[in-house]
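Student: I would like to go through a structure with you. Could we take it residue by residue?
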Amino acid sequence: MKPSLQVKQQEQMVFPLDSTRTPGVLISLIPVVQAQVKPKPTVRVNPQSSVYTGDTVTLSCELQQETGWEFYWYKNNQLLQNLNSEQVNTLKVTVDNAGETEYRCWAHRINYNYYYMTQFSDPVRITVRVRPKPVASMNPDNQVFSGDTVTLRCDIQDESVSSWQYSWYKDTSHSPVSSEQVYSISGVEVTHTGTYTCRGTERGGSRSSHSSDVITLTLSERPQAVLSVSPHSWLTEGDSVTLSCEVTDSSTDWTFSWYTVVPYRDGLTGINNNRGYIVYVELLSDSSRGSGGNYTLSPAALNHTGVYMCRGERGEPAFYTQYSNLQPLWITGEENYLLC
């Protein structure tokens, strides 16, 4: 047999909970059905994890009963006034402030002049965090020259996210140029210049970060190394000669490498000379002697005759100057010098 229902045919105020008066709900001159057990709705939240400021959360008040219910939502025990006249079981909330907020719902319906109402749902708590902003960095961050390698890095500080998927964007493009946290550009050229930003999205989740501040990649003119000789380039065997390498910019902390021009063979470095032809150079085995910008031959020997070049480098990762001008040295024997 169905459980008996008691019907009161008198005017009364009806509240969703027997012990709690709920503002805004007043039913008059309606027969009230007092069931033995009131149904209890369940609130579902999407997304279920914590969210960021600016995100939209969808709450659903689910009730395994017939249709025709009108739903009421409470935020931190305050009744929310729905914008539409028909109160439905779905609530979309755009969260603006960080913190924790509780939501719950209840419902009622009138069927054949009988009034039915549910219990309050259990409260659900939504945790809102401030949306993180990545920090984008570039190395080197001062001067970048054609052919260098540039590293862009994106860092996001948020302990609640275990893994980020990173995206790098160039200029105004909406298509990412990289999906790595560390974006390395080898052999930088003019097409790589521009502005870069990064952002992160939660792997396996729905949260995303802000975009980082813009970093700008520009190319500087690679400084020139200038090689000179003292006292002069025509020497007698046994004399002393110094090659000096200088860099045509105001930077300091340069170190230098010294080279001599040799006939072509596999594995050599080919350099486009400013006179329009390629020369092949070999690093001098004792080039560390020139780390201070000077390379001294003392005493000069006949086998020191040749054509020399130098190049400066500094920083980590190292970037280099252009190769210097070609500087010839002629070393003659003492007897030839006397004949002259």
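Student: Which residues does arginine 222 touch, not counting residues up to four places away in sequence?
Tutor: Arginine 222 touches Phe145, Ser146, Gly147, Asp148, Tyr320, Thr321 and Gln322, where contact means heavy atoms within 4.5 Å. This is a predicted model, in which local features need pLDDT of at least 70 and side-chain atom pairs count only at pLDDT 80 or more, while totals for chains, interfaces and linings use all residues. Residues are numbered from 1 along each chain as its sequence is written, and side-chain values use heavy atoms, with hydrogens and water left out.
Student: Where is arginine 222 found?
Tutor: Arginine 222 is in the loop between β17 (215–217) and β18 (225–230). Helices (H or I, at least four residues) and strands (E, at least two) are DSSP runs, numbered from the N terminus.
Student: Is arginine 222 buried or exposed?
Tutor: Arginine 222 is buried because its relative accessible area is 18%; buried means under 20%, exposed over 50%, and partly exposed in between (1.4 Å probe, protein chains only).
Student: What lies 2.3 Å from a polar atom of its side chain?
Tutor: The backbone oxygen of serine 146 lies at that distance from the side chain of arginine 222.
Student: And what does serine 220 touch?
Tutor: Serine 220, in the loop between β17 and β18, touches Gln143, Val144 and Phe145, not counting residues up to four places away in sequence. The C-alpha atoms of serine 220 and phenylalanine 145 are separated by 5.3 Å, although the two are 75 residues apart along the chain. With a relative accessible area of 23%, serine 220 is partly exposed.
Student: Changing topic, how many disulfides does the structure hold?
Tutor: The structure holds three disulfides, each a pair of cysteine sulfur atoms within 2.5 Å. In sequence order, the bonded cysteines pair as 1-2, 3-4, 5-6.
Student: Which cysteine is joined to cysteine 61?
Tutor: A disulfide joins cysteine 61 to cysteine 105, S to S 1.9 Å. This pair links distant parts of the chain, with cysteine 61 in strand β5 (residues 56–62) and cysteine 105 in strand β9 (residues 99–111), 44 residues apart.
Student: Why is the disulfide of cysteine 245 and cysteine 310 right-handed?
Tutor: That disulfide is right-handed because the torsion about the S-S bond is about 80 degrees. Cysteine 245 lies in strand β20 (residues 241–247) and cysteine 310 in strand β25 (residues 306–314), so the pair ties together parts that are 65 residues apart in sequence. Both cysteine 245 and cysteine 310 are buried.

Notes. A polar contact is a pair of N or O atoms within 3.5 Å; within protein, one must be able to donate a hydrogen and the other to accept it, and residues adjacent in sequence count only if both atoms are side-chain atoms.
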